[in-house]
Amino acid sequence: MLAKVISCSVSGVDGLPVQVEVDLAQGLPSFSTVGLPEGAVREAKDRVRAAIKNSGYEFPQRRITVNLAPAAVKKEGTGYDLPIALGILAAGGMLPSDLLARTAIVGELSLDGSVRPVPGVLPMALAARQEGLTRFLVPAANAAEAAIVQGLEIYGIERLDQAVEFLVGRIALTPLVIDPAELFARHDGYAVDFADVKGQQYAKRAMEIAAAGGHNLLLSGVPGTGKTMMARRLPTILPDLTLDEAIETTKIFSTAGLLPEQTSLLVTRPFRSPHHTVSDAGLIGGGQMPRPGEVSLAHNGVLFLDELPEFKKHVLEVLRQPLEDGTVTIARAATSLNFPARFMLVAAMNPCPCGYLGDQIRACTCSPLQVQRYRSRLSGPLLDRIDMHIDVPAVQVKELIGQPAGEPSSVIRERVNRARTRQRQRFAGAAKLYCNAQMSAKEVKHFCRLDAASADLLNQSITRLGLSARAYHRILKIALTIADLAEVKAPSLAHVAEAIQYRRVQFEL
Ligand SMILES: Nc1ncnc2c1ncn2[C@@H]1O[C@H](COP(=O)(O)OP(=O)(O)OP(=O)(O)O)[C@@H](O)[C@H]1O
Ligand SMILES: [Mg+2]
């Protein structure tokens with residue numbers, strides 16, 4: 001009277017196989033769940049009982065024990081409903097247990113027996129494939145996202161009785177097959193375009209470099225010069241996602257339950273722009289069972305912080321770890337989880353509270369103390385992690401009216417894509433290294449060799465501007481990206497000089 005069903009849970013953003021064991025014993029009818037079930041899992045018994053009865057099966061009047069193994073890991077969520085129900089039917093003899101072998105099952109049950117979607121199905125499918133399972137029964141609404149995993153048969157299930165009929169072979173279901181290449185081809189453009197931005201050649205060039213190499217960027221300037229406007233157009237020039245990157249990003253959205261239904265894969269880079277009232281848990285991730293925050297949702301994409309000094313200081317400080325390591329670690333009493341968080345930080349700010357410090361026409365009305373207080377909200381360590389500091393001056397009226405439309409995003413994106421392809425070839429052997437900004441100091445040394453004149457210039461500038469060792473490496477990375485855009489092997493003197501110039505403004509702030 002024992003049945004075993006394989007299910008899956010999610011820990012961080014990775015799937016973890018869970019064995020659901022159901023035992024029916026003689027005795028007073030009861031239902032107990034062991035193996036560290038949390039709230040929603042403990043409530044599974046009521047849903048399961050109603051779903052079994054309402055699907056036309058008999059609910060066994062026995063002492064039912066459900067064990068979720070490994071017993072030491074906390075179990076959360078509603079995805080165990082369907083495996084528990086099938087386990088009970090199998091243990092009660094209504095379903096031969098051997099039919100459940102090599103099959104992973106997940107899904108929430110409604111009281112009427114229909115199967116509802118659950119978060120995290122993509123990482124679960126990846127784990128199921130790694131475990132060597134051959135098929136995966138998932139809620140029909142989640143089938144598209146699971147089917148991106150090749151080499152595993154994905155069946156979308158709508159009702160409990162449908163799952164039973166399928167398992168015993170009375171009905172046939174076709175596994176869902178999805179071709180990732182087709183998804184990438186289907187993407188249909190953006191509503192905005194860089195051609196809308198007049199003038200601002202310097203800032204546009206900087207954004208192209210930042211997009212090509214994945215560098216962090218701070219735009220600073222008087223109000224109404226197009227900082228927000230340009231940042232919002234950044235997604236239109238970001239390089240195409242590779243399949244590996246797309247799966248990494250989709251996994252995070254899937255665990256957070258933010259993947260739209262019937263979406264298989266996010267084929268564009270995420271662009272997250274949290275409001276400045278965001279909490280540190282919202283930004284970094286958190287909660288009792290930790291969930292990914294904005295930095296993780298921006299993984300492989302952009303985190304845009306508009307009006308940077310308005311963010312609470314301690315909220316900005318928590319960005320320091322992910323900016324350096326590309327991951328966040330969230331420690332709780334029970335668990336410690338790692339979420340990936342390799343994003344490109346783009347921030348915008350005014351130079352002072354009134355906004356007009358350094359403007360050609362309008363006078364600034366702030367006192368030195370006010371300016372100092374405003375800037376002190378941004379700490380040195382945070383600014384040091386931002387590779388490019390760009391001044392965005394006011395556009396002249398004649399530029400606004402007279403000039404023809406600027407370069408369209410599609411042209412810029414082509415250059416960015418070519419530069420990114422060079423980077424991918426450069427890092428072909430290295431795991432999880434996709435762009436120049438992600439290089440470690442050791443990799444910078446290996447991949448970015450300067451000629452004597454460029455090295456001299458860089459050394460002099462470092463001393464004169466009093467830059468940190470971190471800044472030194474970051475300038476080298478930008479110089480390498482500029483060389484990639486120019487389609488040459490190594491940075492030249494001009495490339496290094498340009499890279500240094502993007503770093504300088506910070507000290508005039
Ligand atoms: N370079 C530009 N080319 C075309 N339109 C522009 C340009 N700069 C600003 N605009 C117009 O001004 C509007 C406001 O610009 P935007 O919101 O980007 O300014 P901002 O620099 O973010 O200002 P703030 O510092 O106040 O946030 C834009 O929506 C756009 O219509
Ligand atoms: Mg703005």
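Biologist: Are Tyr155 and Phe166 buried or exposed?
Modeller: Both Tyr155 and Phe166 are buried. Keep in mind that this is a predicted model.

Biologist: How many aromatic pairs are there?
Modeller: The count comes to five aromatic pairs. Take Phe31 and Phe59 as one of them. Their ring centres are 6.4 Å apart and their planes meet at 15°, so this pair is stacked.

Biologist: Where do Phe31 and Phe59 lie?
Modeller: Phe31 is in strand β3, residues 30–34. Phe59 is in the loop between α2 (44–54) and β4 (63–69). The two parts are 28 residues apart in sequence, so the pair ties them together.

Biologist: And is Phe31 buried or exposed?
Modeller: Buried, with a relative accessible area of 8% for Phe31. Phe59 is buried too, at 6%.

Biologist: Back to Tyr155 and Phe166. What kind of aromatic pair do they form?
Modeller: A tilted one. The distance is 4.6 Å centre to centre, with 45° between the planes. Tyr155 belongs to strand β9 (residues 153–157) and Phe166 to helix α6 (residues 160–168). They are eleven residues apart, and the pair links distant parts of the chain.

Biologist: New topic: charges. What sits over the ring of Tyr356?
Modeller: The charged end of Arg362, 4.1 Å from the ring centre. Elsewhere, Arg426 lies over the face of Phe427, and the distance to the ring centre is 5.9 Å.

Biologist: What about His495? Which helix is it in?
Modeller: His495 is in helix α22, residues 493–504. Its relative accessibility is 13%, so His495 counts as buried.

Biologist: Which residues does His495 touch?
Modeller: Leaving out residues up to four places away in sequence, it touches Ala479, Ile482, Ala483, Ala486, Val488 and Ala490.

Biologist: Now the ligand. Which residues come nearest to ligand 1?
Modeller: There are 15 residues around ligand 1, and Lys198, Gly224, Lys227, Thr228 and Asn350 come nearest. Helix α9 (residues 227–233) gives the largest share of the shell, three residues.

Biologist: How far is Thr228 from an oxygen atom of ligand 1?
Modeller: An N or O atom in the Thr228 side chain is 2.6 Å from an oxygen atom of ligand 1. For a polar side-chain atom of Lys227, the distance to a ligand oxygen atom is 2.8 Å. For the side chain of Glu307, an N or O atom is 3.2 Å from one.

Biologist: How much of ligand 1 does the protein cover?
Modeller: It covers 67% of the 640 Å² of accessible area that ligand 1 has on its own.

Methods. Residues are numbered from 1 along each chain as its sequence is written. Chains are lettered from A and ligands numbered from 1 in the order in which they are written. This is a predicted model: local features need pLDDT of at least 70, side-chain atom pairs count only at pLDDT 80 or more; totals for chains, interfaces and linings use all residues. Side-chain values use heavy atoms; hydrogens and water are left out. Rings of Phe, Tyr and Trp (its six-membered ring) pair if their centres lie within 6.5 Å; planes under 30 degrees apart count as stacked, over 60 as edge-to-face and the rest as tilted. Helices (H or I, at least four residues) and strands (E, at least two) are DSSP runs, numbered from the N terminus. Buried means under 20% relative accessible area, exposed over 50%, partly exposed in between (1.4 Å probe, protein chains only). A charge sits over a ring if NZ of Lys or CZ of Arg is within 6 Å of the ring centre and within 35 degrees of the ring normal. Contact means heavy atoms within 4.5 Å. A residue is near a molecule or strand if one of its heavy atoms lies within 4 Å of it. A polar contact is a pair of N or O atoms within 3.5 Å; within protein, one must be able to donate a hydrogen and the other to accept it, and residues adjacent in sequence count only if both atoms are side-chain atoms. Accessible areas come from the Shrake-Rupley method with a 1.4 Å probe; for residues, only the protein chains shown count as cover.
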